[in-house]
Amino acid sequence: MGSRDGRDAHAERVATAYNALNEKGYFADEIGGNEGYLGGLMRHYVPKDAMSILEVGGATGLWMRQVLRARPALRDVTVVELSDAAERCRARLAPLLADRPEGRLTVVQDDFLRAADRLRPAGTVVSSFVADHMGDPAAYLRRLHDLAEPGGRVIAVEVQTSERAPLGTVTPGVVAASFFRLCGVHLRLGKLPPLRGVLRSMPLYKLSDEEAFRKLRSSTDAYAFPRTAWRAARDAYPGAVYHDLGMAGMLVLPKSATA
């Protein structure tokens, strides 16, 4: 994304925006960040015997807390978070790993593109709503895939755009269509739709009205990840899964054991 100075300036704007939202409680337990409505679906694809996981954009650690409670085999956890929420994330997750043999928690407060070269590969690599700040979404997915261990996987949930719904579009019709798509995916997987989580997380849809996020839009106007691009990304990774969730898309990208 441009020069190093341009990248650093963009990362600083993103951090400032999320710091403002953290102060308003958007990623506290009451609202729950995105784990309330998408967390269960993301967690579904974390292998039950997973021992290591890397999450990009972990915010205050709410989703990772869910995963640690559901996946007792996890021992090695790394979270990358640009904003000051990294400190809350560390405090939230550390007690959950303290009693696990060889438990290790690493929280990196930095821009992912600056930190990527010093991150340890993990069996499961997860990203949610980060790609719009990373430039080319397909290139970002490749960076995530590079960090997955052989035989591991990437779980990515990102904004899905279209000509009628570019980045940041939040209308009653778009939200309703996305909700029904989300319910349909859950039912196909034999899971109950996250009705309570959706209701709890509704205040998140006010994010587009926040001044901090309005200032970011000029930096992400070029972001485009329409359904055709999601399908192309799926087809580039043998065995990949793509879920069309309306406002968002979800990709599960396996990595060959011989990679």
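Student: Where does Phe-129 lie?
Tutor: Phe-129 is in the loop between strand 4 and helix 6, and, since this is a predicted model, everything we say about that loop describes a prediction.

Student: Is Phe-129 buried, partly exposed or exposed?
Tutor: Phe-129 counts as partly exposed, because its relative accessibility is 23%, whereas buried means under 20%.

Student: And what about the phi of Phe-129?
Tutor: The phi of Phe-129 is positive, at about 55°, although the residue is not a glycine. As background, most residues other than glycine have a negative phi.

Student: What does Thr-60 touch?
Tutor: Leaving aside residues up to four places away in sequence, Thr-60 touches Asn-22, Phe-27, Ala-85, Arg-88, Cys-89 and Arg-92.

Student: Since a cysteine came up, how many disulfides does the structure hold?
Tutor: The structure holds zero disulfides. Cys-183 is another cysteine that counts as buried, at 11% relative accessibility.

Student: Back to strand 4: how many of its residues are buried?
Tutor: Seven of the seven residues of strand 4 are buried, so the strand is largely enclosed by the rest of the structure.

Student: Which strands does strand 4 pair with, and in what sense?
Tutor: Strand 4 pairs with strand 1 in the parallel sense over four bridges, and with strand 5, also in the parallel sense, over six bridges. If you want to find these pairings in the viewer, Leu-54 stands opposite Val-125 in strand 4, while Val-126 stands opposite Ile-155 in strand 5.

Student: Now helix 6, which residues are buried there?
Tutor: Helix 6 covers residues 137-146, and its buried residues are Pro-137, Tyr-140, Leu-141, Leu-144 and His-145.

Student: Why are they on the same side of helix 6?
Tutor: They cover an arc of only 145° around the axis, which puts them on the same side of helix 6. In general, an α-helix has 3.6 residues a turn, so residues three or four places apart point the same way.

Student: What do those buried residues pack against?
Tutor: The buried residues of helix 6 pack against strand 1, helix 5, strand 4, strand 5, helix 10 and strand 7.

Student: And what happens at the start of helix 6?
Tutor: There, a side-chain oxygen of Asp-136 comes to within 3.2 Å of the backbone nitrogen of Ala-138.

Student: Last topic, which residues of the largest nonpolar core touch the most other members?
Tutor: That core has 42 residues, and Met-42, Ile-53, Trp-63, Met-64 and Met-250 touch the most other members. Helix 1, residues 4-23, gives the most to this core, with six residues. Apart from it lies another core, of 30 residues, and Val-108, Ala-116, Ala-131 and Leu-141 are among them.

Student: What does Met-64 touch?
Tutor: Not counting residues up to four places away in sequence, Met-64 touches Ile-53, Glu-55, Val-77, Val-79 and Leu-93.

How values were computed
Residues numbered from 1 in each chain as written. Predicted model: local features only at pLDDT ≥ 70, side-chain atom pairs only at ≥ 80, totals over all residues. Heavy atoms only, no water. Buried < 20%, exposed > 50% of the residue type's maximum accessible area, 1.4 Å probe, protein only. Helix = DSSP H or I, 4+ residues; strand = E, 2+ residues; numbered from the N terminus. Arc of directions from axis to C-beta. Contact = heavy atoms within 4.5 Å. Polar contact = N/O pair within 3.5 Å; in protein donor to acceptor, adjacent residues only side chain to side chain. Core = buried A, V, L, I, M, F, W, Y, C linked by side-chain atoms within 4.5 Å. Disulfide = S-S within 2.5 Å. Pairing = 2+ DSSP bridges.
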